[in-house]
Amino acid sequence: LGLALYACSLCAVSGATFLYHDYCVIGAGPAGLQAAYFLQQAGRDYIVYERSHAPGSFFALYPRHRKLISINKQYTGKSNSEFNLRHDWNSLLSHDRRLLFRHYSRDFFPNADAMVHYLEDFASLLKLRVQYNTAIVHVTLEKNEQAWNGHYFLLTDQDRKNYKCSSLLVAAGTWVPNVVNFPGSEYVEGYETVSINPEDFAGQTVLILGRGNSAFETAENILGVTNFIHMVSRSRVRLSWATHYVGDLRAINNGLLDTYQLKSLDGLLEGDLEDLAIVKDKKGKLHITLRFYLENRNISAGIDSITLPQDELDNFATRAPYDRVIRCLGWKFDFSIYNRSLRMMPGKGNIKKYPQIKPSYESRGTQGLFVLGTASHSVDFRKSAGGFIHGFRYTTRAVHRLLENRHHGIPWPSTVYPITQLTNSIIKRVNEASGLYQMFSVLADIILPRENATAFEYLEEYPIGVLAELEIQTGRKAPHGLFVIVMEYGRNFSGADKDVFYYNRAVGEAQHAWQSNFLHPVIYYYKCLPTEHEMRLHHPDWPLPRPDAIHHIVEDFLTDWTAPNAHILPLRRFLENCLSTDLRNFFAESCFLFAFTHQKLPPSCQQGYVRMQGLMGSQELWHHAVQAGLLQDYTHTDFSGDRPLDSHGGSQELLMRHHGIPVRPLQHLVNAKDE
C-alpha cells in the first residue's frame, strides 16, 4: 500500500504544471526582501512567496508589547552613510536614501508598527516581485542533470499550485513557538496569545517560564500591578552588556533584576522545565511540583492526593500558588514543510531550533538551498549579529555574491590598488565599514597581494568560515598569500559571568594591543590560503587558524582608529614586515636621492616620483617637512667650504655632493632625459 501511494504521488507530481523561476525565496520578511533587492539589482529571474497579505507579518504581532530592541540612532556626528549604518540596526541595504529607518521613526527603540510600515515601503518603492497570500506547504526535489545543482526544487502552496526553481532561498525565519510538555502544561498561557493589558494582571501572582527578552518584556509590562513575579529557566540570566551578544537580555527590559536584587518580592530561579509539573486546585490556583512526585499517580484525582515539594521541604521556593503561568521560550524553525529528500535537519544542542547549514549559509543536506535571516543564525549563534537585521543584511549580500559567482560567472566584487595604498585602505575600512563592525568574527575583508607586492586586490565582507574555499567561491586567486581583516572582542572579555566594568579594563598603548578587550580590528597574514583541514581543526576560541603573522590595532574609546602613532604606524610596520617592502610615502627630494644611492626604489617613488606623479612641491611645503624632521636642511650647510646655498635646487646639488655623487649641470640632465 505504501509503495502504491508513493507511486501515485510521483504520478501526481509528474503530471502537474510548474511555474518556473531561477530563484525562489520563501518569506517576505526583512531577509527575504533583502535577498529580493540584490536579485533584482542583478537582473535575475526570481519570485518571493509570502503567506500573509503584506511583508513582515512577524512584526505585525511580535514583539507583543510593540517595542523593538534594535537601536535607531538618529545622530552620530558624522555624515558618512556607511559609518552611520553601524548604529542603525533596522534599515535594509539599498541605493534609495528614502529607505533609511530614521525616516520612519525617531525613537531610539522604535515601535514595531514602524517596522511593518518600513518593510511595506521597501517592497513597494523598489518594486520587488513578491507573491502574497501564498503559503508554501510542501517542498521536495526533482532530479535533473540539466539543473544548476543536479535537481530542481518543487514547491506547493495552500491552493495546490506548483512552482519550480533552480535555487531555493529560505528566509521564513523562526516563528513556531517553543513549547515544553510536562504534566499540567495545558494550564500554561503562551507569549503569542497572553493578554498585554496590565490591568488583567492586577493583584495576581505570576510565574514566567523563560529568561530571554520576550520573558523580561512580559514581566516589564506587568511589574507594577502584580503581587510578585517569579521567573524560571534552565540557564542563568545572561546580560548583553557582559556577553556582547545582542540577543541576550537588554537593559531596556531588565527592571525585574532590580526588584529581585533589591528584595521587592520578585525573583529568578534556575531549573529544568521538563522536570516541572503543574497542579490546579479547586480555587483555580496553580501549584508547582516536580514530575517525579506524580509518577504512578492520577493527576486528575485532585491536589489533596498529590505530594507537593513543600510537604517534605517546608521552605520550597515556589510553594506559593500562582494565578497564571506564562510561557516565553522563543521560537524555532518550521521543518514540517520540507520533504525528507531535502535532508533539512535541525542542529544539535543549543542550535537545534535552527536548520543545519554550512558557513556559506548553504544547507548541509541539499546543494542549492540557502538559509537566510534569523534561521541562519546557527553559523554565529551567541557570537555575532547574524540572527538580527543589522547582521543578516550583510550575510544575505554575501550569499548573493556567492550565487553570482557560482551560477553566472561574476566574480566577487573587488578593487585593485597600488601597494602604496595598502595601509590607507585598511584604515579607511576599519573606521567606516558597517558589515565588518556588525558581523565581527564572521565577515572579513580579504587582501590579495599581487606578485612582487606592487599592487593588491581588496575583497569586502567575505564569510571567513569558508576561507579555504576562497578561490572557488569568489573567482579570485590568492597565489601570493593574503591578509584577513576582522573585528574582534578580547578573548576573555565576554561571558555571562564576566565583570566588564572592572578597573583598567581598557588598553591604550600600541605595544599592548593584543590585550585589547573592546571591539577592535585584527589583521591575520597567511603566506598561503588555509586548507579545509586547518579550518576544521582551528581553536574554537579563534575565528581562524593560526596565521603566519597577526596584528591587533589597539582598541579605541571613540572607535576611531586614525591616530598616527597608536594605530597607523604599528599597522604599517606590520604590513612592511609581512611583504618585505617599504610602504612609507617619500617626498620627491628623498626619491631623487634614492635614485642615485639605491638599486631599488621604494614603491611610493616607483609609482609616484618616477612617473612624475605625487604632491606638487613648494618652498612652504619643503620648509614644513624640514621642521617636522622629515627632510634634512642642506641649505644652511656648506660641505665644500663655499658659500651657503639659498635655493631649493642648490640643496639638491649639495645633497648629491654630500653622498659622493658627481654633480652634472641641470641642463645636461634635461638633455640626457630628452635623448
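Residues are classed as buried under 20% relative accessible area, exposed over 50% and partly exposed in between, with a 1.4 Å probe and protein chains only. The model is predicted, so local features need pLDDT of at least 70 and side-chain atom pairs count only at pLDDT 80 or more, while totals for chains, interfaces and linings use all residues. Residues are numbered from 1 along each chain as its sequence is written, and side-chain values use heavy atoms, with hydrogens and water left out.

Strand β19 spans residues 455-463; helices (H or I, at least four residues) and strands (E, at least two) are DSSP runs, numbered from the N terminus. Eight of the nine residues of β19 are buried, so the strand is largely enclosed by the rest of the structure. Strands are taken to pair if DSSP finds at least two bridges between them. Strand β18 (residues 443-449) is joined to β19 by six bridges in an antiparallel arrangement, with Leu448 partnered by Glu457. Five residues lie between the strands of this hairpin, where Asn452 has a positive phi near 65 degrees. Strand β17 (residues 414-418) also pairs with β19, antiparallel over five bridges, and Thr415 has Tyr458 as its bridge partner.

A salt bridge is a side-chain nitrogen of Lys or Arg within 4 Å of a carboxyl oxygen of Asp or Glu; the whole structure contains 22. One of them joins Arg429 and Glu460 at 3.3 Å, N to O. This pair links distant parts of the chain, as Arg429 belongs to helix α11 (residues 422-432) and Glu460 to β19, 31 residues apart. Arg429 is buried at 8% relative accessible area, whereas Glu460 is partly exposed at 33%.
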